[in-house]
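Look at the sequence and the structure, then read on.

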Amino acid sequence: MKDTLKHKGMRNKLAEILVEKGIVNSKVLDAIKTIPRHLFLDSSFEDHAYQDKAFPIGAEQTISQPFTVAFQSELLQVKPHDEILEIGTGSGYQTAVLLHLKAKVFTIERQQELFKKTKLFFTKMGYRPKKTIFGDGYIGLESEAPFDGIIVTAGAPYVPNPLLAQLKIGGRLVIPVGIDEQIMTLFIRKSELEFEKKEFGSFRFVPMLEDKN
Ligand code: SAH
């Protein structure tokens, strides 16, 4: 599969749709216009790549909807060289967006099949996260903490304490919280013990699961 002018045109249209839906961060929009999302899907689904929809990627998982990726990325307020922890590598598309924002990305996936597949895909594409980890996002990544930002891309039934604990002062945790439906929630660490919490609209994610397989 390759990337063509036709794909680029479709990405520009997708970015326009995201602007209409309220995305304003130009760097995030630039990531949407640049990253070949169709290559993150199986080739037979290429036609769906530039619609603003989530899509199955195998192993009962989905690539998040472009609007959701853009919305979460915007809430994270990534600056170049920020250290960002991502929970739920999935297809790697959100990872690629974070890399485009020049973050140092640590990404965790609990589905072994998907973990292996996406790791190979990163190599093939020349995407370079700092670390790809097969493990459980509920415990975060103590060895690399604290982080400037943590983004959870699966629906969390509750906010795992280790994720709050692994934020720098001023750091941001973006996490969809809920069971059937999730409220996009932002935590900003104000001090050692204080967190500011803000809630945004409701979203639908595949569940954040606690055991590995
Ligand atoms: N960021 C991904 C979204 C994938 S969907 C993308 O852009 O494609 C959510 C992913 O979270 C799934 O791949 C799922 O396997 C993973 N996941 C679920 N629970 C997890 C956990 N406890 N730790 C790490 N990953 C988890």
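Predicted model: local features only at pLDDT ≥ 70, side-chain atom pairs only at ≥ 80, totals over all residues.

**Backbone exceptions**

Gln-77 sits in the loop between H3 and strand S3 (83-87). Its phi is near 50°, a positive value in a residue other than glycine. His-81 also has its place in the loop between H3 and S3. The phi of His-81 is positive too, at about 75°, although His-81 is not a glycine. His-81 is exposed, with a relative accessible area of 57%. Most residues other than glycine have a negative phi, and most peptide bonds are trans. A cis peptide bond, with omega about 5°, joins Ala-145 and Pro-146. Pro-146 is found in the loop between strand S5 (131-134) and strand S6 (147-152).

**Ligand site**

The ligand is surrounded by 27 residues. The closest are Gly-88, Ser-91, Glu-109, Gly-137 and Leu-209.

| Residue | Protein atom | Ligand atom | Distance |
|---|---|---|---|
| Gly-88 | backbone N or O | nitrogen | 3.0 Å |
| Ser-91 | polar side-chain atom | oxygen | 2.7 Å |
| Leu-209 | polar backbone atom | nitrogen | 2.6 Å |

On its own, the ligand has 580 Å² of accessible area, and the protein covers 100% of that.

**Helix H2**

H2 spans residues 26-34, with Val-28, Leu-29, Ala-31 and Ile-32 buried. These four lie on the same side of H2, because they cover an arc of only 155° around the axis. The face turned away from that buried side carries Ser-26 and Lys-27, both exposed. Cover for the buried residues includes helix H1 (5-20), helix H3 (66-76) and helix H4 (93-100). At the start of H2, a side-chain oxygen of Asn-25 comes to within 2.9 Å of the backbone nitrogen of Lys-27.

**Nonpolar cores**

The largest nonpolar core holds 44 residues. Leu-18, Ile-23, Ile-35, Phe-40 and Tyr-93 have the most contacts inside it. Elements that give two or more residues to this core are H1, H2, strand S1 (55-58), H3, H4, helix H5 (112-125) and strand S8 (182-189). H3 gives the most, with six residues. What does Leu-18 touch, not counting residues up to four places away in sequence? Its partners are Ile-23, Leu-29, Ile-32, Asp-52, Pro-66, Phe-67 and Ala-70. Of these, Leu-29 and Ile-32 are among the buried residues of H2.

**Thr-185 in strand S8**

Thr-185 lies in strand S8. Is Thr-185 buried or exposed? Thr-185 is buried, because its relative accessible area is 2%, and buried means under 20%. A polar atom of the Thr-185 side chain lies 2.9 Å from the backbone oxygen of Ile-183. Leaving aside neighbours within four places in sequence, Thr-185 is in contact with Leu-173, Val-174, Ile-175, Val-177, Lys-197, Lys-198 and Glu-199.

Note on methods
Residues numbered from 1 in each chain as written. Heavy atoms only, no water. Buried < 20%, exposed > 50% of the residue type's maximum accessible area, 1.4 Å probe, protein only. Arc of directions from axis to C-beta. Contact = heavy atoms within 4.5 Å. Polar contact = N/O pair within 3.5 Å; in protein donor to acceptor, adjacent residues only side chain to side chain. Near = heavy atom within 4 Å. Areas by Shrake-Rupley, 256 points an atom, 1.4 Å probe, with all protein chains shown as cover. Core = buried A, V, L, I, M, F, W, Y, C linked by side-chain atoms within 4.5 Å.
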